[in-house]
Amino acid sequence: MAFVPDFFGQALNGLAYGVLLFLLSVGLTLIFGMLDIVNLAHGSYYMLGAYAGLTLIAVTGNFWLALLVAPLAVALIGAAIERTCLRPLYRRGPLDQVLLTFGLIYVFEDLVKWIWSGRIRSIPTPALFSGSVTIFGATIPSYRLFVIVFGLAIAVALWALIEKTRLGAIIRAGVFDSEMTAGMGINIDRVFTGVFAFGAALAGLSGVIAGPIQSAYPPMGASILVPALIVVVVGGLGSLKGSLAGSLIIGQAETFGKVWLPGASMLMIYVVMALILLFRPQGLFGRALK
Amino acid sequence: MARGVGFATLVAIVAAFPLFAGNYPVKLLQEILIWGIFAMSLDLLMGYAGMVSFGHSAFFGIGGYVGALALVTSPGLVSALLLPALAAAVGALVIGFFSIRVSGVYFIMLTLAFSQMFYAVAFQAAWLGAEDGLVGVPRPAVLGWSLASPAAFHVYLLVLVGFSTLFLWRIVRSPFGHVLRGIHDNEGRMEAVGYPVNRYKLLAFVIGGTVAGLAGSLYAQLVGSISPDAFLWTTSGEALLMVIIGGTGTLGGSMLGAAAFILLQSMVSSYTERWMLILGLTFVLLVLFAPGGILGALRGRVGIRS
């Protein structure tokens with residue numbers, strides 16, 4: 001058996017999955033950090049992105065157009081949800097927010113079933129990346145390489161946006177203390193809507209790029225939420241760095257779990273989470289718990 | 001007085017239901033009663049101690065699986081009630097030990113992750129039937145009297161619902177229950193006054209988990225099977241919905257919420273496939289416009305006192 005190529009190939013698979021998780025969890029963590037909301041419906045935006053992408057590709061035949069437009073459409077839906085459903089709840093406890101977003105999962109899932117039927121649908125791989133490449137003896141579908149490069153590029157762009165721009169400074173300040181930020185004369189309402197829509201768009205984006213790898217099916221939103229939440233818990237709530245580190249760890253844990261422990265592969269991510277929480281209950285990059 | 005008469009009438013109707021209703025309505029009512037127990041046990045955590053758990057399905061599932069495994073070997077009351085409740089209690093002790101150290105959203109996420117862990121185990125373990133779960137769960141026999149018939153099962157269920165309700169009611173009315181409410185209102189103050197808050201929370205978690213395990217076993221007995229879906233975090237979410245629909249912090253409300261949820265689901269699904277959409281929307285609107293749930297809204301409008 002060729003251990004090295006196998007290992008390398010699996011590591012790249014894990015990296016592709018980790019990058020997808022990052023795009024999802026970074027929105028989740030920003031929304032939590034800023035709006036103080038655990039958005040259980042975050043996976044629904046991933047699902048909406050996948051289905052919107054599916055339709056756009058069917059209509060236009062252009063994957064790249066879908067990659068651009070589907071996240072924008074999801075962002076609009078996110079903004080509408082924030083304005084109508086979440087805004088009235090900011091002054092209430094976390095319970096109402098968690099329950100409302102849980103209700104939204106049902107709404108979105110059923111709407112998707114209604115519009116697109118409940119069958120599993122696959123998004124075709126763009127022609128440019130339909131082949132595969134051989135690196136260090138491992139055969140990798142080139143689409144996975146694209147996902148890795150694209151996701152890491154987004155991560156770098158996000159880092160630059162948040163660390164280097166004025167908008168990023170506002171977001172960081174909002175995550176740290178939104179009331180104080182509002183007191184500084186920032187229109188925090190608009191920032192809230194923007195951050196929520198942005199998080200939704202990233203989730204939608206990950207839905208589109210996941211499509212050619214994982215297909216689209218209605219409960220995909222509820223099932224992807226669990227690994228995304230675990231990433232956030234492992235990385236630390238509200239932390240961008242944590243989200244990246246958590247995604248990469250969980251991505252590898254899940255992929256290598258499937259190879260080494262096929263009978264208990266689903267357990268791996270929980271074992272990792274438990275181990276990390278045992279030593280750092282606040283997560284890798286989380287602030288100390290109050 | 002009027003309330004007492006109304007309550008007695010309701011209990012009488014529920015008890016006599018199999019005498020005049022067909023098999024499907026009876027099964028629906030029994031499902032409501034079982035989910036009602038599950039929702040009440042969650043309300044002990046949520047409505048009284050202020051712990052919003054998305055991991056309550058773990059105990060429902062443990063109860064269901066342990067009950068199913070035990071009943072196949074020996075269909076008696078020990079297998080049907082005692083072992084599932086005990087197993088769920090142990091599970092709740094372990095999960096609770098880790099979870100109660102954090103609060104708020106951390107608690108929500110941690111409990112959610114724990115219940116999904118059980119889902120992962122049940123889904124992949126061949127000896128638990130993997131994806132299909134365990135089927136052919138027999139109903140128990142009490143003193144040689146089989147509970148296989150719907151009527152006999154109904155009596156058995158009523159006794160257990162009554163027992164569970166009374167048990168939980170005694171707990172929330174006891175000094176222990178008052179401490180839980182105090183923790184809900186202001187944890188720091190209770191700590192300062194000298195209550196070992198974490199020990200109280202853990203005990204509430206274990207009591208709630210035990211009763212949830214009982215509900216899980218009863219559910220496996222009602223439908224004759226149990227699948228990994230019982231562990232799914234959305235199962236906890238549905239129970240939370242029931243509690244909210246009925247109104248948190250009222251045991252009767254949980255039962256009412258379970259009835260509303262299951263009736264809505266069954267009625268809407270018989271007219272249209274879109275029951276999830278309607279249920280979800282109902283839920284969103286309830287959270288937005290009636291935060292106190294059905295009982296809360298009734299109290300506000302009609303003036304029912306708590």
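**Two chains and their contacts**

Reader: How many salt bridges does the rule find across the interface of chain B and chain A?

Author: The rule finds 1 salt bridge across that interface. Keep in mind that this is a predicted model.

Reader: Which residues meet in it?

Author: The side chains of Asp110(A) and Arg274(B) meet there, at 3.2 Å from N to O. Asp110(A) sits in helix H4 (residues 94-116) of chain A, and Arg274(B) in the loop between helix H11 (251-271) and H12 of chain B.

Reader: Is Asp110(A) buried or exposed? And Arg274(B), buried or exposed?

Author: Asp110(A) has a relative accessibility of 1%, so it counts as buried. Arg274(B) is buried as well, with a relative accessible area of 13%.

Reader: What area is buried between chain B and chain A?

Author: About 3,700 Å², and carbon and sulfur atoms give 81% of it. In chain B, Tyr106(B), Met109(B) and Met276(B) lose the most area to chain A, together 19% of what that side buries.

Reader: How many residues of each chain are in contact?

Author: 39 residues of chain B are in contact with 46 residues of chain A.

Reader: New topic. Which residues touch the most other members of the largest nonpolar core?

Author: Leu40(A) and Trp233(B) do, in a core of 206 residues.

Reader: What is Leu40(A) in contact with, leaving aside neighbours within four places in sequence?

Author: In chain A, Leu40(A) is in contact with Val98(A), Thr101(A), Phe102(A), Ile105(A), Leu225(A) and Leu229(A). From chain B, the contacts are Phe54(B), Leu112(B) and Trp233(B).

Reader: Back to salt bridges. How many does the structure hold over all chains?

Author: It holds 5. One of them joins Glu82(A) and Arg87(A), with the closest N and O atoms 3.2 Å apart. Glu82(A) is buried, at a relative accessible area of 0%. Arg87(A) is at 22%, so it counts as partly exposed.

Reader: What about Lys258(A) and Glu254(A)?

Author: Their side chains meet in a salt bridge, at 3.7 Å from N to O. The two are 4 residues apart in helix H10 of chain A, so about one helical turn separates them.

Reader: Which helix holds Ser247(A)?

Author: Helix H10 (residues 240-260) of chain A. Ser247(A) is buried, with a relative accessible area of 0%. Not counting residues up to four places away in sequence, Ser247(A) touches Gly18(A), Leu21(A), Phe22(A), Ser25(A) and Val231(A).

Reader: Backbone next. What is the phi of Asp36(A)?

Author: About 65°, a positive value although Asp36(A) is not a glycine. Most residues other than glycine have a negative phi. Asp36(A) lies in the loop between helix H1 (3-35) and helix H2 (42-60) of chain A.

Reader: And the phi of Ala130(B)?

Author: It is near 45°, again positive in a residue other than glycine. Ala130(B) is in the loop between H5 and strand S1 (134-135) of chain B.

Reader: Last one. What is the mean pLDDT of chain B?

Author: It is 88, and 97% of the residues of chain B reach 70 or more. Over residues 302-306 of chain B, though, the pLDDT is below 50. Where pLDDT is low, the predicted coordinates should not be read in detail.

Terms used: Residues numbered from 1 in each chain as written. Chains lettered and ligands numbered in written order. Predicted model: local features only at pLDDT ≥ 70, side-chain atom pairs only at ≥ 80, totals over all residues. Heavy atoms only, no water. Core = buried A, V, L, I, M, F, W, Y, C linked by side-chain atoms within 4.5 Å. Buried < 20%, exposed > 50% of the residue type's maximum accessible area, 1.4 Å probe, protein only. Contact = heavy atoms within 4.5 Å. pLDDT = per-residue confidence, 0-100. Buried area = accessible area lost by both parts, 1.4 Å probe. Salt bridge = Lys/Arg side-chain N within 4 Å of Asp/Glu carboxyl O.
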